[in-house]
Amino acid sequence: MPDRDDAGGRERVIVVDDLPMVQLLGPVDRVIASVEERFPEVTVHVRGNRIALTGPDEQADAAEQVLGELLAAARAGLDLSEHDVRSSARLVERAGGEADPPAAAAGGRGSLGRRILASRGKSIRSMTLGQTEYVDAIDENTIVFGIGPAGTGKTYLAMAKAVQALQAKQVSRIILTRPAVEAGERLGYLPGTLEEKIDPYLRPLFDAIHEMLDPDAVPRLLANGTIEVAPLAFMRGRTLNDSFVILDEAQNTTPEQLKMFLTRLGFGSKMVVTGDVTQVDLPGGASGLARIREILGEVEDIAFVELTAEDVVRHELVGRIVDAYDRAAVRGASPSGASPRSRRD
């Protein structure tokens, strides 16, 4: 790592005395090198278990807070990567420097270390402030609306919370549903059995299930009804007790469908509704999700969490793409020439 003696500013020292330094520095010092790249005006010296930061106060304070977040994640047993440096830097930027730097260095806010589920050798966790707010809202409320662009983890984190609740015996089943919009909930023209007809619409939910649970257990859980994956049309007339229910792609529900779904709530159940109101595929764009906050915003035990491009945890380019589309929408023009609400993945 390069030494820059002309960086100036007061020295900040972080002492790591409770875990091997490689857990924080990363293989071949990749993690700490990413911190240096993120804050080029800051000099980073590592000697033994001490990390010294020198540089302009604002940059050095931010670097110290980022290292605090990384240290909290490492203490939680997470394997750090360059992506975690980017995520922790976004956390610090969005927090606006509210955390006291020495306190942050001592342990950080720990948002990167907010583990939800350990699955098949990896940890599923919130990675941004928005995601942490979303996860907290699910813990604290009966119905949660997670609204935001693609790649912000809306469905994935909801699935992780559902599996966590099932494993903790807080619920007895998981119900996953989404509208089969492109067939207008009329699937007859598609070839094959009913299961084959609806499979393309529900495949993303199946993929998430297989990623979070033992693949050998999934067929058994599906067969005995512990996990149910079904089109939204199949929810009508039911009362869903003792269940963790997720409605995905809710921007493609009509107001009547969304009301129908929400009124399925039974005793001991929790609901999470996810969607992106900029990607409505309904004819005429009459989305039930678009106005739901006006209707239910003041109802107790219902929370709304807005995720943004800052919460995108896919490739960094995805966040920039989302930002570019948002700017186009503000200008009143879509790059495709279509209405902003008709955009699709």
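Helices are DSSP runs of H or I with at least four residues and strands are DSSP runs of E with at least two, both numbered from the N terminus; by this count the protein chain has twelve helices and eleven strands. The model is a predicted one, in which local features need pLDDT of at least 70 and side-chain atom pairs count only at pLDDT 80 or more, while totals for chains, interfaces and linings use all residues. Residues are numbered from 1 along each chain as its sequence is written, and side-chain values use heavy atoms, with hydrogens and water left out.

View 1. The strands run in the order 8-7-9-10-6-11 with parallel pairing, where two strands pair if DSSP finds at least two bridges between them. Strand 8 (227-231) and strand 11 (302-306) stand at the edges with a single partner strand each, so one side of each is left without a neighbour in the sheet. Direction ignored, neighbouring strands of this sheet are turned by 15° against each other on average. Within the sheet, strand 6 (residues 143-147) and strand 10 (residues 270-275) pair in the parallel sense over five bridges, and F145 has V273 in strand 10 as its bridge partner.

**View 2. Helix 10 on the sheet.** Helix 10 (residues 255-262) packs on the sheet and touches strand 6, strand 7 (173-178), strand 9 (243-247) and strand 10, contact meaning heavy atoms within 4.5 Å. The direction of helix 10 makes about 155° with that of strand 10; axes are lines fitted to C-alpha atoms, for helices over the stretch in contact, and angles run from 0 to 180 degrees between N-to-C directions.

View 3. V305 is found in strand 11 and is buried, with a relative accessible area of 2% (buried means under 20% relative accessible area, exposed over 50%, and partly exposed in between, with a 1.4 Å probe and protein chains only). Leaving aside neighbours within four places in sequence, V305 is in contact with residues including G130, Y134, V144 and F145.

**View 4. Strand 1 and its partner.** Strand 1 (residues 11-15) pairs with strand 3 (residues 50-54) in the antiparallel sense over five bridges, and R12 stands opposite L53 in strand 3.

**View 5. Two loop residues with positive phi.** V28, in the loop between helix 1 (21-25) and helix 2 (30-38), has a phi near 55°, a positive value in a residue other than glycine, and V28 counts as exposed at 74% relative accessibility. D301, in the loop between helix 11 (292-296) and strand 11, likewise has a positive phi, of about 75°, although it is not a glycine; D301 is partly exposed, with a relative accessible area of 34%.

**View 6. Partly exposed L317.** L317 lies in helix 12 (residues 316-330) and, at 41% relative accessibility, counts as partly exposed.
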